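Trainee: I'd like to learn how to read this structure. Could you walk me through it?

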Amino acid sequence: MTDTAPATAPHAATFTTRSPATGEPIAEHPGHGPEEISRAVSRARTTQAGWAALPVSRRRDHLLRWKKALATDLDAVARTIAEETGKPAGDAALEVVLTLEHLGWAARNAGRVLRRRKVGTGLFTVHQRAWLVHRPLGVVGVIGPWNYPLYTPMGSLGYALAAGNAVVFKPSELTPGTGVLLAGLFDSAVPGHAGLLTTVTGGASTGDALARSGVDKLAFTGSPGTARKVMAVCAETLTPFLAECGGKDAVIVTADADLDAAADAIVWGALSNAGQTCAGVERVYAVRGIHAELCERVVERAGALRPGAGADASYGPMTLPGQVAVVERHVTGAVSAGARALLGGPGSVRAPYVAPVVLTGVPEDAAAMTEETFGPVVVINPVADVDEAVERANASRYALGAAVFCRGGRAGAAIAARLRAGAVSVNSVLGFAAVPALPFGGSRDSGFGRIHGAEGLRAFTSVQSTTVQRFAPPITLTSFGVPAATRERAVRLARALHRRR
C-alpha cells in the first residue's frame, strides 16, 4: 500500500482535492491539527459512554439503520468515491456493496461473538466460577487509504463501532470527501449518537496528531515505512496498533488448472482499479508445461482492456500521481534486467494512465518482484513444479494474500496451506474479501493484526477475566495460614496427577 504524504508534512489550514484524471479541483477541506483532533477524541469519548451502555441489540439496530442509509444513498457515495479516486462508477458501486456486506455482518454478529463466555476451571480451582468478557476499548483511531476509501476502512470502522467503541477516522488526503460523507450519514441515521463516528481531514501531520491524541487503539492502512513511523509514535504511549501494509501477492497455477478461469481471474486481480489493490495479483508462478499457454490467454484478455475516464473505460487513472514513477521504474528495470514484455512495456506508462503490462522472465531480485508495484502490471514467471512455486511465493517479505489455481479444490487447499499469506483463495482471486466472516490481514511487511470476522470484532475489545468463588475450597493454598504439611500434600497430589498421561 502506498501512502500519499511524508510523515513530516506540516499541518495545513486547508487543502484542495483534485481529480486524478484531469487535475481539476474537486473540493476544499480543512487540515485538522492537534487541537481539533483532541476535541474530536474528547467528544467521541463522551458519546462512547452512552453507546457502550446500550444493549447489543440496540447497537445492532442503529448500525443497520446506518447501513440502510448507505444503501439508500449508494449512488451518491459511489459518485464521491469515483470522483476522488478516478475509478469507474461501476467499480465504485461494487465497493459500496462489499462495504454494506461487512457492516451488516459486524452489526448482526457482534452480540454472538463478544458475549460473556464461561470457561472451565481446573482441579485446584473447582471452587471458582470463571468467565471472560470482551469490553470496548473506548475510542479507536483509524487512518484509511485512498485506493478503497470506503471498503478498507470499514473493516475497522464498522467492527469497532459494533464492538461498542467510538471512532475518529482520518481518511487519505486524496479521498477526504468519502470519509466526511460516511460520518454525515451516520449522524443522520443515528442522531442520538451523533459524533460517535467523527471524520478529521488532513495530511500526514493530521495522522500524526491522531496517533498522539490518546486514542485507545489505532488502526492503520498504508506502506510499511509509514507504518513503522506511526507505530513508533504509538509506542511512546503504548497505544495498541493494527497495521495493514499492502502485499506482493502471488498466484500459483498448476499443470492441471483451468487456464481460462485462471487467466480471467489473473487479469482482473492484476488490472482492476488500475492495479491499485493491496491484495491484488502482482506475481504469477505457472508450472512450465502450461506457462506459455497461460501467458497467451492473459495477454489476449489484458490486451482488450483500456484505461480512461469514459464510461466504457476498463479502469481509471493512477490515483496517486507519484505512483506512476514507481510503476515506470519497475517495468523499465525488469526489461533492462532481461525480462520480456508480452504486452505493453515502458511506453505503456503515460500519466495519469498506465496501459496493461504483462511481463515474463523477470529476475526474482528485480524491484518488480520484490516491491509493491501498485499498478496495472503482472509478472508471469515459469517454475519447474508446485514446490518451486510455493518457495518463490513465500520468499517475498510481504505476506498478505495469495491464490491457487488447481483442478481439484482439495489439492488446491493443500497448496494454500503451505503458503505464508494471511488469506488465500483457491480457484478465484480475492475470494476471501467478500466473505465478512473471514479475518483479513498479513504478516512480515504486510503488517499484523486482523480485521473482519470474529477476530476483527475482538481486535477492538479488551478482555477481562473474572472468577467468583462459589464455596470455600477443601484446601486453601492462597493463605499464609496454610500449614506446610497441607501444602506439601497438595504438591504431591498435583505431581502424581500430572505425571499421568
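Trainee: How many helices and strands does the protein chain have?

Mentor: Helices (H or I, at least four residues) and strands (E, at least two) are DSSP runs, numbered from the N terminus. Here the protein chain has 16 helices and 22 strands. With a radius of gyration of 25 Å, close to the 23 Å of the globule rule for 501 residues, the chain is as compact as a globular protein of that length. That radius is taken over C-alpha atoms, and the rule is 2.2 Å times the number of residues to the power 0.38. Keep in mind that this is a predicted model: local features need pLDDT of at least 70, side-chain atom pairs count only at pLDDT 80 or more, and totals for chains, interfaces and linings use all residues. Residues are numbered from 1 along each chain as its sequence is written, and side-chain values use heavy atoms, leaving out hydrogens and water.

Trainee: What share of the residues counts as buried?

Mentor: Buried means under 20% relative accessible area, exposed over 50%, and partly exposed in between (1.4 Å probe, protein chains only). In this chain, 54% of the 501 residues count as buried.

Trainee: How do I read strand pairing, say for S1 and S2?

Mentor: Two strands pair if DSSP finds at least two bridges between them. Strand S1 (residues 14–18) and strand S2 (residues 25–30) run antiparallel, joined by five bridges. Phenylalanine 15, for instance, has histidine 29 in S2 as its bridge partner. The two strands make a hairpin with six residues between them, and glycine 23 in the turn has a positive phi of about 80°.

Trainee: And which strands pair with S16?

Mentor: Among them are S11 (residues 283–287), parallel to S16 over five bridges, and S15 (residues 357–360), also parallel, with three bridges. Valine 379 in S16 stands opposite arginine 283 and opposite leucine 359. Six of the seven residues of S16 (residues 377–383) are buried, so this strand is largely enclosed by the rest of the structure.

Trainee: Where does aspartate 216 lie, and what is it in contact with?

Mentor: Aspartate 216 lies in the loop between helix H7 (204–211) and strand S8 (217–221). Its relative accessible area is 23%, so aspartate 216 is partly exposed. Contact means heavy atoms within 4.5 Å. Leaving aside neighbours within four places in sequence, aspartate 216 is in contact with Arg45, Leu137, Gly138, Val139, Thr239 and Pro240. The C-alpha atoms of aspartate 216 and glycine 141 are separated by 7.6 Å, with the two residues 75 apart along the chain.
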